Amino acid sequence: EAVVSTQSTGMASQAMIDEAKAFLKTKSPDSELNMYDHLCSIINEVLETRSHNSIDVFEDLSRSKKNNEEQESKGIGEQEMYVAKLQANLFERSSGDDAEPDGDDEVDMPLPNLIDNAYYFEQAGVGLGREETFRIFLALKGLVDTHTLQNVRFWGKIFGTIKNYIIVEVEYREGEEEAEEEEVEEKVQEEEEEDEKNEDDQIPKPDFKQPPKIPKEENGTGCNKKTYFVCNEPGTEWVKLPPVDPAEIVCARQIKKFFTGDLNAPVISYPPFPGVEMNYLRAQIARISAATHISPLDYFKFEEDDDDDSDGEGRDSFVENVEFEPLPVYELVDPSLNSWVHHMQHILPQGRCQWVNPSMKAENEEFEEEDEEEDAEDSDEPQQEEGPPLLTTINQDADVDGLPAWSACRSSEIIPHYSIAVLKSNTWPGACTFGFDKKFENVYIGFGHKYSSDNYSPPPPPPVLEEYVTDLEVTEAPDPTVAEEQALLAMQQEQLEREAEEAEMEDDEDDDD
């Protein structure tokens, strides 16, 4: 009996051990790890090191092992591996990098010192991290090497739901961009001609005439003064954004959409947006630039040979003031905000920086018009839109729900002697500017949305059209029954036969005569 009880006890112990071991091997639903393997790795580490204070470092050893195991379990996805291979090419030196640049090449080099700017933005609490900033810096170098650019500036980063946009603002050298635009215009003209041929075959055409389209501003002027390139990750291909159209800016002011990171993604909204996400991104860039690109007072000045008014109305260009005297930091952060000015033109409600009369083109196309129509058009003549002139101080910006449009502060109140001036926009959260001595820079890092204290609500649809006005000539009647329809058809048939008989009788009388 003693032997049997001992064997049963041993069997029960082995079953309990197997059950406990199976429980310890159960994986966690969060980390996909199990306690059995984790304890085995810790014990193996302790036996290999033979440390005398193993019990004291047990928690640290467990934490280190767990972090390593989680990273190994996650692995690297295909997309991460693809981006890593692209970014690895950024660190390879080209053959031309070994040559020593001449003095003229150093002056004409359009590549900005992004690392230096990131250092000052870091003091303002704004940035993308040193590693990402350096990768963007290398990507900018690749853009400069492949395009003939005069000025290059890191505009900022806009976050998307799937991918993000890294945005660069550039200016071409004289004549370079025109050649590229001519090729694009030729393709557009060919597509328009094909569309016109197809439209000729489609009939009928409605009598309704669309209101005259507001023409977009030429390259190098107004909202299209700068050119922008975007990419999703440093190392991926830079894509040039098209010029912005006034209709895109007008519609972008009425909608609020998160970006997806796909330039060709449709923008489903109301009112309908006239384009894809590429056009919506370009419209938001124009709006943000016009509202948040600022510079210290007197850093720029108008040209002396400009015949425009002294207040800046009608001017669209300026030059750097070589006699600029830097303002102290305490003046740059003064709450009056009279030490900073906008150096980008204001966008009018029309969607342009320079107003145009939309009825002028329509009047030239119409050769014959009645006097009454001309009088009606004269009475509906649109009023010219006006906005603040160039280099207007930012203290004239509209408040944001009782708050000033800008918040100014020092980068450090503990050591103010070595601090810099920092300005952040309350109208466009994510827009930041730093300034000190003769140096300043603007950047935007955000979702590309304007601040609003209320939740976004799309505009209501247009009112329903009224019913047709009925009178005595147009009245509704109940549908006839089958018997009534047959009686009507029989009556019409009899009338036709009677008319035919009368016609035959008239023909016979004519023959007798």
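User: Is leucine 337 buried, partly exposed or exposed?

Analyst: Leucine 337 counts as buried, because its relative accessibility is 8%. The cut-offs, with a 1.4 Å probe and protein chains only, are under 20% relative accessible area for buried, over 50% for exposed, and partly exposed in between. This is a predicted model, where local features need pLDDT of at least 70 and side-chain atom pairs count only at pLDDT 80 or more, while totals for chains, interfaces and linings use all residues. Residues are numbered from 1 along each chain as its sequence is written, and side-chain values use heavy atoms, leaving out hydrogens and water.

User: What about the phi of leucine 337?

Analyst: It is positive, about 55°, although leucine 337 is not a glycine. The residue sits in the loop between helix 11 (329-332) and strand 8 (340-342). Helices (H or I, at least four residues) and strands (E, at least two) are DSSP runs numbered from the N terminus.

User: Where is aspartate 298, with its loop between two strands?

Analyst: Between strand 5 (294-296) and strand 6 (300-301). Aspartate 298 is another non-glycine residue with a positive phi, about 70°. Its relative accessibility is 47%, so it counts as partly exposed.

User: Which residues does the cis peptide bond join?

Analyst: Tyrosine 270 and proline 271, with omega about 0°. Proline 271 belongs to the loop between helix 9 (246-252) and helix 10 (277-292). As background, most peptide bonds are trans, and most residues other than glycine have a negative phi.

User: Salt bridges next. How many does the structure hold?

Analyst: Ten, counting a side-chain nitrogen of Lys or Arg within 4 Å of a carboxyl oxygen of Asp or Glu. In one of them, arginine 153 pairs with glutamate 441, the closest N and O atoms being 3.0 Å apart. Arginine 153 is in strand 1 and glutamate 441 in strand 12 (residues 439-446), so the pair ties together parts 288 residues apart in sequence. Both arginine 153 and glutamate 441 are buried. Salt bridges with shared partners join Arg153, Glu169 and Glu441 into one network.

User: What is the N to O distance between glutamate 169 and arginine 153?

Analyst: 3.3 Å. Glutamate 169 is in strand 2 (residues 165-172) and arginine 153 in strand 1 (residues 149-158), 16 residues apart. Glutamate 169 is buried, as is arginine 153.

User: And lysine 65 with glutamate 45?

Analyst: Their side chains form a salt bridge at 3.5 Å, N to O. Lysine 65 is in helix 3 (residues 58-74) and glutamate 45 in helix 2, so the link spans 20 residues in sequence. Lysine 65 is partly exposed at 22% relative accessibility, and glutamate 45 is partly exposed at 24%.

User: Now the surface. Which residues form the nonpolar patch?

Analyst: Met35, Leu39, Ile43, Leu47, Ile55 and Phe58, with about 570 Å² of accessible area together (Shrake-Rupley method, 1.4 Å probe, only the protein chains shown counting as cover for residues). Patch residues have over 30% relative accessible area and no salt bridge; nonpolar side chains (Val, Leu, Ile, Met, Phe, Trp, Tyr) are joined within 5 Å, like charges within 9 Å. Helix 2 (residues 35-49) gives the most, with four residues. Leucine 39, in helix 2, is partly exposed at 31% relative accessibility.

User: How many helices and strands in the protein?

Analyst: 14 helices and twelve strands. Of the 513 residues, 31% count as buried. The protein exposes about 35,300 Å², of which carbon and sulfur atoms supply 50%.
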